[in-house]
Amino acid sequence: MGMTNKQFQGFIRLMIDKINRALEETPDNKELLELKAILQSMLEDE
């Protein structure tokens, strides 16, 4: 059973929120910043 678009977008938003919280502690983490950018672009493509 697959996810709907809405469920997938919710999952991506949850991941972005968790990344933002991690970036509060380590704002210069390049890996997290790159991952956040990728996830945000996935949301924009929908």
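**Charges, fold and a salt bridge**

In this predicted model, the mean positions of the 6 positive and 9 negative charges of the chain lie 7 Å apart. Lys and Arg count as positive, Asp and Glu as negative, and His and the chain ends are not counted. Each charge is placed at NZ of Lys, CZ of Arg, CG of Asp or CD of Glu. Residues are numbered from 1 along each chain as its sequence is written, and side-chain values use heavy atoms, without hydrogens and water. Local features need pLDDT of at least 70 and side-chain atom pairs pLDDT 80 or more, whereas totals for chains, interfaces and linings use all residues.

The chain has two helices and zero strands. Both kinds of element are DSSP runs numbered from the N terminus (helices: H or I, at least four residues; strands: E, at least two). The C-alpha trace spans about 35 × 15 × 15 Å along its principal axes. Of the 46 residues in the chain, 15% are buried. Buried means under 20% relative accessible area, exposed over 50%, and partly exposed in between (1.4 Å probe, protein chains only).

The structure holds one salt bridge. The term requires a side-chain nitrogen of Lys or Arg within 4 Å of a carboxyl oxygen of Asp or Glu. The partners are R21 and D17, with their closest N and O atoms 3.4 Å apart. R21 and D17 are four residues apart in helix α1 (residues 5-25), so about one helical turn separates them. R21 is partly exposed, at 48% relative accessibility. D17 is also partly exposed, with a relative accessible area of 32%.
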